[in-house]
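Please look through the sequence and the model before reading on.

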Amino acid sequence: RQIRITPSAVKARKGGLPLACLTAYTTPMARLVDAACDLVLVGDSVGMVLHGLPSTLGVTMEMMILHGQAVARGVERACLVVDMPFGSYEESPAQAMRNAARLMAETNCQAVKLEGGRHMAETVDFLTRRGIPVMGHVGLTPQSVNALGGYKVQGRGAAGDLVAEDALALADAGAFSVVLEKLPASLGARITRQISVPTIGIGAGRDCDGQVLVVDDMLGMFTDFRPKFVRRYAELGQDAGAAIRAYAADVQARRFPGPEHGFADEAKS
Ligand code: KIV
Ligand code: NA
């Protein structure tokens, strides 16, 4: 049995071998990611990627628990992090503690992730002092899409100082790593130099301590969603579409099933 990568081990990778992270929402995908990556994130992106929701705002604790449990069954080695959904932690440190403890107890994840900078530092401190490792998330925070006015690049120009202060506040509060989403590459590099814990970038340049992508994006599951920061390592959406069309055509032309797929009247001895 392999040794499990802990949040402390992730933290110790600061400035070292880059951390490879992908999302997963199901057991089979979790197995594939676990075999190669350092971290598996059950992102609240599950709402948009698998449930067809228009944003992450409609994602519930129940959805995160169900997918967290499925992913946990496929993870042996990687550090397993589960996102706290919108509305489950913003009210108070006590509310965050109650829901983070529930996520950890019911999914066996090793850490939770929550969105927000300075204003969440008190909560990050509260959780980490009570045994819950926390991954931070600053820059573009999709749960705030309505306040931000869209999924735009954050921290350009003078606004960069505020994002850097957010990341510093989370590290000071005890976060073991911080996701930097959709920032200028120069700001991603600067924050990576300034904070003492690993930065995990998504559209935040090459200099972060690690990288994360939504697994369905990098596998090319979608034809209509091609963000600039994603490299497509496969075209599974196209392949699946072609396979499904071929199957339907075969059924309609009676080419499937073939004789080899049928059962004889009597079982062979
Ligand atoms: O929900 C998610 O998938 C995320 C990562 C992309 C960082 O938060
Ligand atoms: Na998320």
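The paragraphs below go from the overall fold to a few residues.

This is a predicted model, in which local features need pLDDT of at least 70, side-chain atom pairs count only at pLDDT 80 or more, and totals for chains, interfaces and linings use all residues. Residues are numbered from 1 along each chain as its sequence is written, while chains are lettered from A and ligands numbered from 1 in the order in which they are written.

Eight strands form a closed barrel with parallel pairing, in the order S1-S2-S3-S4-S5-S6-S7-S8. Strands (E, at least two residues) are DSSP runs numbered from the N terminus, and two of them pair if DSSP finds at least two bridges between them. Strand S4 (residues 111–113), for example, is joined to strand S5 (residues 134–139) by two bridges in the parallel sense.

Strand S3 (residues 79–83) holds Val-82. Val-82 is buried because it has 29 C-beta neighbours inside 10 Å; the term applies if 20 or more other C-beta atoms, placed from the backbone, lie within 10 Å of a residue's own. Its contacts (C-beta atoms within 7 Å), not counting residues up to four places away in sequence, include Cys-109 and Val-112.

The UniProt annotation "binding site", from an unreviewed entry, covers Asp-44, Ser-45, Asp-83 and Lys-113; such annotations may be inferred rather than shown by experiment. These residues are spread over 70 residues of sequence, yet their largest C-alpha distance is 12.4 Å. Asp-83 lies in S3 and Lys-113 in S4. Asp-83 is in contact with Asp-44 and Lys-113, among others.

How values were computed
Helix = DSSP H or I, 4+ residues; strand = E, 2+ residues; numbered from the N terminus. Buried ≥ 20, exposed ≤ 12 C-beta atoms within 10 Å, placed from the backbone. Contact = placed C-beta atoms within 7 Å.
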